[in-house]
Amino acid sequence: MTTTTDLRPTGPAPRGDGGRWHPVCSYDDLIPERGVCALIEGVQVAVFRTFDGELYALSNLDPFSGAHVISRGILGTRGGVPTVASPMYKEVFDLRTGVCLDDPQVALPTFPIRRDPATGRVEVALTHANRQ
Amino acid sequence: MRLVVVGHGPTGHRLVEALRERDEAGAWQVTVIGEEPRPAYDRVALTSYLTEDADLAYPAHDEGVTLLTGDPVAAIDRKRRTVRTASGREVGYDALVLATGSAPFVPPVQGRDLPGVFVYRTIDDLDAIRTHCRDLTASRPGAGGVVIGGGLLGLEAARALQGLGVDTHVVEVAPWLMPRQLDEGGGVMLRRHIEALGMTVHAGTPVAGLEAGDDGRVARVGLGDGASVDAGVVVFSAGIRPRDELARGCGLPVGERGGVAVDDTCRTEDPAIFAVGECALVNGQVYGLVAPCFSMAEVVADQLLAAATGQDSPARFEGADMSTKLKLMGVDVASFGDPFAGPDQGALDVTYTDPVGGVYKKLVVSDDARTLIGGVLVGDASAYPTLRAYVGAELPGSPEQALFGGTEAVGGDLPGATQICNCNNVTADTIRCAIREQGLTELGEVKSCTRAGATCGSCVPLVKKILDAELTAAGIEVSKALCEHFDYSRAELFDIVRVRRITTFTELISEHGRGRGCDICKPVVASILASLGSGHILDGEQAALQDTNDHFLANLQKNGTYSVVPRIPGGEITPDKLIVIGEVARDFGLYTKITGGQRIDLFGARVEQLPRIWKRLVDAGFESGHAYGKALRTVKSCVGSTWCRYGVQDSVGMAIKLELRYRGLRAPHKLKAAVSGCSRECAEAQGKDFGVIATDKGWNLYVCGNGGMRPRHADLLATDLDDEGLVRLIDRFLMFYIRTADRLQRTASWLESLDGGLDYLREVIIEDRLGICAELEEAMERHVGSYSDEWRDTLEDPDKLSRFVSFVNAPDVPDPSIVFEPEREQIKPVLVTGPRLEVASR
C-alpha cells in the first residue's frame, strides 16, 4: 500500500513538511471534472476538481507507464467511487485513496489538498514520504 | 485405405473436408481427381466472380490430401479397383466416390454450336463470356444478349450479362419465371421486377433456333412464337443433366433420365462406389441445390469413417428441403417447403399482393390454417428464415401475422428439430447445445463451431435470435449497455441525443443515465455531440469529456509528450509547405516520420509547445489533421491520371475533394479512406473504411475494409458512379455508420454485425428502404457547412489556450521528466522513472 498516512483530501497539513501549504492556482481556474498538474518542489502533483466541487491531489506519475500523465485522465465514478482513468493504458484509480481499482496492489500516493478559506486558492501539502 | 474422389466441385470439396475433419486416426488416404484446371470453388456465388471480381476459391485441403486437377477420370475398372485419367494416370482405390456434378442441358436447337453461344457453369465459362461480351460491346455497341432459361441460374446469368453492358433478354418456356420455385403470382411479380431493371422477359415460349450473322457468330435468336431477338451473345441455362458417363461406362445402373442410381447411403450397386451431389440419383431424384448435395457428402463421410473400422453407420440421406432464397439485383425471392400444395392435398393459400411495392407473398397452410406447408416471397423475403424454420410446424399466430410479422418474437421457442441452416444441415438443438456446452457468446463463434449461417448466410438472423435467447436463459445478460452509467448502446444514445436535441453530457446523464460518467461513456458522448455538430469540442462542459488526445488536439505518446499531424489532403503537398513542416520540426526539435496515410507526423512536443507549433503551421496554411480524433484521418491516393500512364481518373483530385468534405467528422472510431486511379489499386482502397477505385465510366465504391489487426477486404457497394453519385453514397454510408455503430466499432466489424449484412446496407443506403437517406444527406451537409479548423479556433481563444501548460503553477517550466536521447540523427524518448509498480507492492 501507499505510505501516505493521511488519505483525506482535506485536512491539517502534515508535520513532515513543516506544516506548509503550497499554493497551486485559484479554485476557479480548475475546470470541473478535469485535472491540472502542479510542480511542487520538484514533485508533480495531479490536482482534480470533481463535479461536486471536491478537490483531490495525487501523484502525477502513472505507475503503469512511467509517464507523468495522471492529471490528464478522464474523471468519473465507479460504483459511486470518484475516479480518474490514466490516459495511457486506462487503469482507473480511486481519487480518495489512490488505490487502483483494476489492480488493488497498486496505488498512487495522495496529498493533502484544501481550498484556503481566506483567499480561495487551492493549496497542496507534501508529506515527508511523498518528497522521498 | 485408399479413397478416390472423382470431381472437385463444392460437393467433392465438402466430402473431403468432412472426412478429414472427423478421420482422426487418418484411416483414409485421400486422392481427389478433378476435371477443371483449378481446385473447387464456390459455384453458388459464380455470378459475383463477374460482377464483383470475387475470389470464389474454397479453403485448400490439408496436406494429407492429394489433389490432381485438369485431368479428368476417363474410366473405372471395378474389378481391379482402379481409375484411369485422361492423361493415362492410374490410381487404385478401396472406396470410390463419384462427385462429377452435372452438365448444362443445351436443347437440340439449330445454331447451338455457333461462336458466341455459351453455358453458365464454370469459371472458364464465365471468363469466355466476359471476353466475348467485351469484344461485343466494343465492336457492336448496343448489341443484345439472350439467356435461354428463366430459372434460378438463368436469372443469375442474365444479371451477369447485364452487368457486362449487354441489353439482356430472358426466354423461358414455362408461362412464368422460376417455375420450379415460384407459383404464378410470384413469377409474375418477379417478372415486373426484372423488367423494371431494364431486361426483357419472353415467357411461355421455347427457342426455335439460333442464326449466325455475316461474321459467322450468333446474331439472332428465333422464338417459338415467331418473334426474333437480336443477340450477339447467347447463354443456355435450361437445366442440368447429371454427369453419369463414368458410371455408365463401368456398368453401374443409372436412372432413366440420367443420374447414378444410389441408395439412401449414397452407395451404388457396387458397395465400394458411392455417388454424391448433382450426379447422383437418390430416392429417384436428382438434386441441383447445394444444401442436399452437402447433406449427401456428409452421409458418405460418415459411411466411410464407419467402414474404416468395420462398422455400420446409421447416416442416411433423407430427402431435402428445397427451400431457396436469393437476391437478384436487389429483388428478394424465396420459396420454401411445398409452395404448390393445393386443396387436393388439404392445403389453403393465404396471399398478399402489393403491385406498387412489388411485393408478393403466399403462405400455404394446412386446412385448419395452423400448420405451415410452404410459401413464396417476392420483393420482401425478410420473413424467410423464420417461415422456413416453421415448415411442418404449427405457426405461433395466424397466417396473416406470419406473413407480416415474420421474424418477430420467435427464435427462442423454435422446435429443437427445426432445421435452421439448410446449407449445413444444422438444427436449432445443435445450435443450442453448442452454445451451452462450449459457452459461446458471440455470433461469429456460433457460426464457426456449428457452421450454421456459414454458407449462404440467410439464416444468420435466426441464429442470432437463438443465441440471444440462450444467453438470456442462461442469465448471461445480452447487455448492450455502454457502461454502468448508461443502459443504452452507443447507437441508442445517439438517437436519444439526436431526437431530444440534447447538447450536454450533464443533461443526458441526469435524464437517461446515472452517476457521473467515466472514461468509457464520456468520450462516446463527446463524439456523439461532435458528430451532431455541437460546436468546438473544447467548448464548455464538452472539454471535460474528451480524452487527452482530443483535449490537447494531439496524440499522446509513451513518455507523456504529444505528436502533431497537419492535414495533407490526398497526400498532395507543395514544396513550400514541406519546407514549413521541416522548419517547424527542426525549430522545436521534433522527431519526424512519414505516416501510412501519406502525411507527416511530428513527435515529442510538450503540451506547452503545441500552440506555438500550431501557430506556425496554421500561419502557413495548414489545419488540424484530426490524427488525435475518432474521426476521418486521411483519404490516401495514388497519383492518378494526371501523371500516371495507366490512370483513368484523377484520383488525387477526388481524394482531396473527399478529404476536405469529411475532415473533422467525428465517428465511433477512426475512418480511413483511399482513392485509386485505376484497377491496379495502388492506393490500397480495398483495405479502407471506404475506398474508391476509378473505372472507365466513373468510380467503384468499396466499403468496410480494414487493415490492422483483423484485415478485411472491403465489399463492393456500387459501380460506375459519377462524382456526384459517389459523394452522395459516401455521405449516406458514413452517416448511417455514425448513427448505428457501437463504441469503437470500425466499419468492418459494424458491417459484420449488421443483420442482413451488405444486402441490408444496400437496401438502406441505396434503395432507401428505411426512408432515411435524405436525412442522412442533410446531416452530412450540416457537418460540411459547419466545419471549422479546431486548431485555428483554439489559437484564437485565450481561454482554451490557457490549458496548454505542463504545470498550472509554473506555466513556463518544461516538464523535467521528459528527456530524449539521440538515435539516427533524431530524438528518441527516454523514460527516466520507468514503470514503477513496486510503489505499491512493498
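Is A:Glu54 buried, exposed or partly exposed? A:Glu54 turns out to be partly exposed, with a relative accessible area of 34%. Keep in mind that this is a predicted model.

**Chain A at a glance**

- Chain A has 132 residues, and 61% of them count as buried.
- Its secondary structure is made up of one helix and nine strands.
- Take the contacts in chain A between residues at least 6 apart in sequence: 46% of them join residues at least 24 apart.

**Back to A:Glu54**

- You'll find A:Glu54 in the loop between strand E3 (43-49) and strand E4 (55-59) of chain A.
- Along the chain, A:Glu54 and A:Pro32 are 22 residues apart, while their C-alpha atoms are separated by 9.3 Å.
- A:Glu54 counts as partly exposed because its relative accessible area, 34%, falls between the 20% and 50% cut-offs.

**Chain B at a glance**

- Chain B runs to 842 residues, of which 54% count as buried.
- It holds 26 helices and 39 strands.
- The accessible surface of chain B comes to about 35,600 Å², and 49% of it belongs to carbon and sulfur atoms.
- Among contacts in chain B between residues at least 6 apart in sequence, the share joining residues at least 24 apart is 61%.

**Two helices that cross**

- Packed helix pairs are described by the angle and the distance between their axes.
- In chain B, the axes of helix H20 (residues 723-740) and helix H22 (residues 757-765) come within 10 Å and cross at roughly 115 degrees.
- The crossing of H20(B) past H22(B) is right-handed.
- On the H20(B) side, the contact is made by B:Leu729, B:Arg732, B:Phe733 and B:Phe736; on the H22(B) side, by B:Tyr760, B:Leu761, B:Val764 and B:Ile765.
- Sorted by type, the residues of this contact between H20(B) and H22(B) come out as seven nonpolar, no polar and one charged.

**Salt bridges**

- Side chains with opposite charges can pair up when their charged atoms come close.
- Over all chains, the whole structure has 66 salt bridges.
- One of them joins B:Arg2 to B:Asp94, with the closest N and O atoms 3.3 Å apart. B:Arg2 sits in strand E1 (residues 2-6) of chain B and B:Asp94 in the loop between strand E6 (90-92) and strand E7 (95-98), so this pair ties together parts that are 92 residues apart in sequence.
- B:Arg2 is partly exposed at 36% relative accessibility, and B:Asp94 is partly exposed too, with a relative accessible area of 28%.
- Another salt bridge links B:Lys361 and B:Asp380, where the closest N and O atoms are 3.5 Å apart. Here B:Lys361 belongs to strand E25 (residues 359-366) of chain B and B:Asp380 to the loop between strand E26 (372-378) and helix H8 (384-390), so the pair connects parts 19 residues apart in sequence.
- B:Lys361 is buried at 6% relative accessibility, whereas B:Asp380 is partly exposed at 25%.
- B:Lys464 and B:Asp468 form a salt bridge as well, their closest N and O atoms being 3.0 Å apart. Both residues lie in helix H12 (residues 460-473) of chain B, four residues apart, or about one turn of the helix.
- B:Lys464 has a relative accessible area of 26% and is partly exposed; B:Asp468, at 23% relative accessibility, counts as partly exposed.
- There's also a network of salt bridges linking B:Arg14, B:Arg22, B:Glu298 and B:Asp302.

**A loop residue: B:Pro175**

- B:Pro175 is in the loop between strand E11 (167-172) and helix H5 (184-196) of chain B.
- With a relative accessible area of 60%, B:Pro175 is exposed.
- Leaving aside residues up to four places away in sequence, B:Pro175 touches B:Ala203 and B:Gly204.
- B:Pro175 and B:Gly187 are 12 residues apart in sequence, and 8.6 Å apart in space from C-alpha to C-alpha.

How values were computed
Residues are numbered from 1 along each chain as its sequence is written. Chains are lettered from A and ligands numbered from 1 in the order in which they are written. This is a predicted model: local features need pLDDT of at least 70, side-chain atom pairs count only at pLDDT 80 or more; totals for chains, interfaces and linings use all residues. Side-chain values use heavy atoms; hydrogens and water are left out. Axes are lines fitted to C-alpha atoms, for helices over the stretch in contact, and angles run from 0 to 180 degrees between N-to-C directions. Helices (H or I, at least four residues) and strands (E, at least two) are DSSP runs, numbered from the N terminus. A crossing is left-handed if the near helix is turned anticlockwise from the far one by less than a right angle, and right-handed if clockwise. Contact means heavy atoms within 4.5 Å. Ala, Val, Leu, Ile, Met, Phe, Trp, Tyr, Cys and Pro count as nonpolar, Asp, Glu, Lys and Arg as charged, and the others, Gly among them, as polar. Buried means under 20% relative accessible area, exposed over 50%, partly exposed in between (1.4 Å probe, protein chains only). Accessible areas come from the Shrake-Rupley method with a 1.4 Å probe; for residues, only the protein chains shown count as cover. A salt bridge is a side-chain nitrogen of Lys or Arg within 4 Å of a carboxyl oxygen of Asp or Glu.
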